[in-house]
Amino acid sequence: MAQTTQEFGEWPLKRLMTEVVGSGPKSAEDMTREQAREALQRIFAGEPDETTLGAFWLANRWKRNNAEELAAYTDVMREESVVTAEPDADPVDCGANYDGKHTSALLGVGAGIVAAAAGTPIVVHSGDRVPTQKETAYKHVLEELGVRTELEPEASADMVDETGFGFYYQPAFNPAVHALHDRRDQMGVRTFINTIETVANPANADVHLGSFYHLAFAKKLTDLIRESEQLDYSRAIFFQGMEGYDDIRPGYTKVAEWNAGEDLEDYEIETAEYGMEMENEDLEVDDVATDSATITEDVLAGEREDDFADAIALNAALRMYAREDVDSLEDGLERAREVIADGSAEAVLEDLREF
């Protein structure tokens with residue numbers, strides 16, 4: 001991680017607003033890579049006036065950032081904020097929306113643990129009540145399960161190697177982004193920070209699993225990966241997750257799959273094709289953190305054979321497929337159910353608690 005420089009070019013945020021991005025959604029222009037880089041460098045250094053920063057974030061939102069701008073932001077974040085710690089394992093990087101879920105169970109912890117038990121190392125990362133939703137994320141379910149979360153990056157890497165599953169905590173590995181928490185909260189709407197933090201990749205993983213709301217955004221994210229000089233993903237899978245998170249929706253889910261040097265491919269997953277006749281409301285819970293932890297414990301112990309158990313197994317299968325450890329979701333489902341039945345998945349949870 002480089003130190004944030006105090007030496008800037010010729011584009012303070014106010015000038016970018018006046019001359020480039022601030023003239024409205026139809027007439028605003030895109031920034032060059034250099035302009036976007038300088039903008040985030042200034043933001044990390046705390047240079048812009050608070051009013052100007054808010055206006056800049058909002059202008060980027062109405063204009064909509066292109067892939068080159070997002071790649072420039074990502075590169076500055078990786079250079080000047082992200083502290084990486086690379087495990088010996090080669091995990092799947094699961095970068096769900098940091099602002100969390102408020103209605104449905106968060107299944108990614110259980111799915112990640114099952115995948116880890118099946119031999120697919122998993123990394124997840126989140127903050128703590130991140131704006132704008134400030135809802136339940138990976139950290140909160142893991143804490144309910146009795147797993148330590150406020151780890152330094154090197155400890156997170158050790159967690160991956162010792163258990164197969166690792167959690168990276170944003171304040172520890174991405175401090176400059178974490179420092180923007182209060183300013184983001186005052187905005188009241190998402191900013192481009194909500195996009196780039198999901199691809200911070202603190203473990204330097206080769207494979208990324210993420211989510212999107214619309215297929216066009218998945219294309220923009222894969223273009224971001226191509227344009228970035230700091231991200232080395234060779235494979236990425238994005239899908240329309242529940243509440244924007246990295247949990248497959250019941251029913252129909254659109255998936256976008258990308259491999260380096262190839263075009264983006266998209267296809268659909270229908271949960272009914274795997275014998276899962278469930279709807280979104282079947283996965284809703286009253287208290288997302290507490291109920292998700294209880295559900296996860298019960299599924300890993302083999303004590304549930306319901307929609308939640310099916311959903312965790314299918315999401316685990318997708319993680320195995322993302323790393324190409326299985327040839328199909330059907331093969332991944334079979335493997336997921338094996339490691340739940342033989343106690344391997346529950347053993348990973350116990351290892352995490354003891355870490």
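Visitor: At what angle do helix α4 and helix α12 pack?

Guide: In this predicted model, local features need pLDDT of at least 70 and side-chain atom pairs 80 or more, while totals for chains, interfaces and linings use all residues. Residues are numbered from 1 along each chain, and side-chain values use heavy atoms, without hydrogens or water. Helices α4 (residues 67-80) and α12 (residues 215-227), DSSP runs of H or I with at least four residues, have axes 8 Å apart. Between these axes, fitted to C-alpha atoms over the stretch in contact and taken N-to-C from 0 to 180 degrees, the angle is about 55°.

Visitor: Which residues of α12 does α4 meet?

Guide: Contact means heavy atoms within 4.5 Å. From α4, Ala-67, Glu-68, Leu-70, Ala-71 and Thr-74 take part. Their partners in α12 are Lys-220, Asp-223, Leu-224 and Glu-227.

Visitor: Which element supplies the largest share of the lining of the largest pocket?

Guide: A pocket is an open set of points on a 1 Å grid where a 1.4 Å probe fits, with protein on both sides within 12 Å along at least five of seven lines; lining residues have an atom within 4 Å of a point. The largest pocket is lined by 24 residues, with Arg-61, Thr-191, Thr-195, Tyr-213 and Phe-217 nearest its centre. At least two lining residues each come from α3 (50-63), α11 (192-196), β4 (207-211), a strand (E, at least two residues), and α12. The largest share, four residues, comes from α12.
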